[in-house]
Amino acid sequence: MHADPVSLGRLGGGSMGGMLALPPGNGPHQVGCTDVMVGSTRQGLFLRLFYPCLPRAGAAEPLWIPRSEYCGGLADVTLGRRWCSGLLGIAIGSCRVPVIWNAPFKPRSSGYPLIIFSHGLGAFRNLYSSLCSELASWGFVVAALEHRDGSAATTYFCAAEAGTEEWIPFQRVPQGQKEFYFRNKQVHQRAQECVRALRLFRDIAAGRAVPNILQQDWDLSDSLDLSKVAVMGHSFGGVTAVLALVKEPHFSCEGSRTWGWSRAQTRALHNTEKFQTPESVAKMQRLSSRNSQTRIVTVLGTVHEDQTDFAFLPGKIFSRLFGVRGTLEPHKALAITSRAALASCSDLQEGFAQWDELLEGVGDSVVGDTLLCRSRL
C-alpha cells in the first residue's frame with residue numbers, strides 16, 4: 001500500500017544521488033521526521049512531521065523524493081514533460097534529508113509549539129525540508145501538509161477498499177476558465193485542510209485515538225503546546241496561511257507568517273526580490289496599514305524558488321530544470337528566512353528576539369517596508 005521513504009528502492013543511484021545536499025538544522029535540537037496519513041478518502045489529511053528528537057544509533061535518513069510518482073509529478077509541473085521523470089529520478093531520486101526517520105520525540109514538560117506549513121503550487125510536503133527542519137531544530141513541531149486540492153505536483157490517499165492507493169494529479173487551469181476563480185476554490189480547500197490539521201492535533205492532545213494509516217508508531221499526546229500555534233506557507237501556501245487565519249481564530253495571529261504570492265499576513269511578511277513588483281508592494285503596504293504589527297521584509301538577491309529545497313541543487317542542474325536562480329548564496333538565504341520566521345514567532349518561543357531587527361529590514365541582504373523596482377538579478 002505504501003513504500004517507506006527509507007526502504008524504497010532508490011530511483012536514481014550512483015554518484016548523481018549526491019547532487020542535492022540539504023543542510024542540517026542549526027538549532028540546539030536534533031531533528032526527526034515521520035509521515036502521517038489519517039482518513040481513507042481525499043478528505044483526510046497527509047502531512048510530514050519535523051520535530052525535536054532523541055538521537056538514535058544507526059538512524060536512517062529519508063529520501064527527499066519518497067516515491068517515483070513524485071518525480072513524474074515534478075517533471076510534469078516544472079518541465080511540462082512527464083516522460084522526463086526517469087531522468088529527474090536519476091538526477092535527484094536518491095538524495096536524502098539530513099533528519100532521523102521515525103526517531104522518538106525529545107521529551108519536554110511544557111510541550112513544543114506547533115507550526116502548520118502549507119506548500120506552494122506544484123510542490124508537495126517534502127520540498128521545504130530545509131526550512132522545516134531548521135525551524136524544528138529550534139524547538140518547534142512542524143507539520144508540512146500535502147494538499148489534496150490538485151495544487152500539489154501529485155499526492156495520494158489510501159482508499160479503504162482493499163487498501164488501494166488513489167493518486168491525485170496536479171490540475172492546471174482548464175481552458176476558458178479564469179485562473180482566479182479556479183485557484184480560489186482550491187485555496188479555500190487548502191485553508192480548510194490547515195484548520196483540520198489543527199483539530200487533528202487537538203484530538204491527539206486530548207488523548208483521542210487517531211490511527212495513522214501508514215502504520216508508523218507515533219504518540220504526540222504529551223509533545224505539543226497547542227496554546228502556541230502558527231500557520232505559515234510559501235507562494236500559494238502564503239495565500240492559504242492567510243485564509244486559514246480567517247477561518248480558524250485559534251491560530252496564533254502574532255506567530256503567523258507567510259512567504260510570497262499574495263504577500264499578506266498579520267505579523268511578518270517575507271518576500272523575494274525577483275518576485276516583487278511595484279504593484280505587489282503597494283498591495284502589501286495597503287494590507288500592512290491595517291495592522292501596526294505587520295512587517296514587510298524583502299531578501300535581496302533571491303528569486304521565488306529560493307524558498308524551496310531546489311535552491312540547494314547545483315547551479316547548472318537548477319537552472320536547466322527549474323529556471324533562473326538568485327544571486328544570494330542559498331545557505332545565507334535560508335538563514336535569513338528561518339531567522340525572520342523565528343523572530344516573528346518570538347511570542348511562541350523565547351530566545352528569538354536577537355533576530356528582531358530582520359523584521360525591520362535591518363541587516364545584510366534585507367530591506368524593510370520599501371518600494372523597490374524590479375530586481376536586476
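What is the volume of the largest cavity? It comes to about 70 Å³. Keep in mind that this is a predicted model.

**The cavities**

- Searching the whole structure turns up 2 cavities of 30 Å³ or more.
- If you want to find the largest cavity, look for its lining: S130, L131, D306, Q307, T308, A311, F312, P330, A333, L334 and T337.
- Two helices, α3 (129–137) and α8 (330–344), each give at least two residues to that lining.
- Helix α8 supplies the largest share, with 4 residues.
- Sorted by class, the lining of the largest cavity is made up of 6 nonpolar, 4 polar and 1 charged residues.

**Where α4 meets α5**

- As for handedness, the crossing of α4 and α5 is right-handed.
- On the α4 side, the contact is made by R183, Q186, V187, H188, R190, A191, Q192, C194 and V195.
- On the α5 side, F236, G237, V239, T240, L243, A244 and K247 make the contact.
- Split by class, the residues where α4 touches α5 are 8 nonpolar, 5 polar and 3 charged.

Methods: Residues are numbered from 1 along each chain as its sequence is written. This is a predicted model: local features need pLDDT of at least 70, side-chain atom pairs count only at pLDDT 80 or more; totals for chains, interfaces and linings use all residues. Side-chain values use heavy atoms; hydrogens and water are left out. On a 1 Å grid over the protein atoms alone, a cavity is a set of points where a 1.4 Å probe fits but cannot get out, and a pocket is an open set with protein on both sides within 12 Å along at least five of seven lines; lining residues have an atom within 4 Å of a point. Grid points are joined across faces, edges and corners, and a volume is the space filled by probe spheres set on the points. Ala, Val, Leu, Ile, Met, Phe, Trp, Tyr, Cys and Pro count as nonpolar, Asp, Glu, Lys and Arg as charged, and the others, Gly among them, as polar. A crossing is left-handed if the near helix is turned anticlockwise from the far one by less than a right angle, and right-handed if clockwise. Contact means heavy atoms within 4.5 Å.
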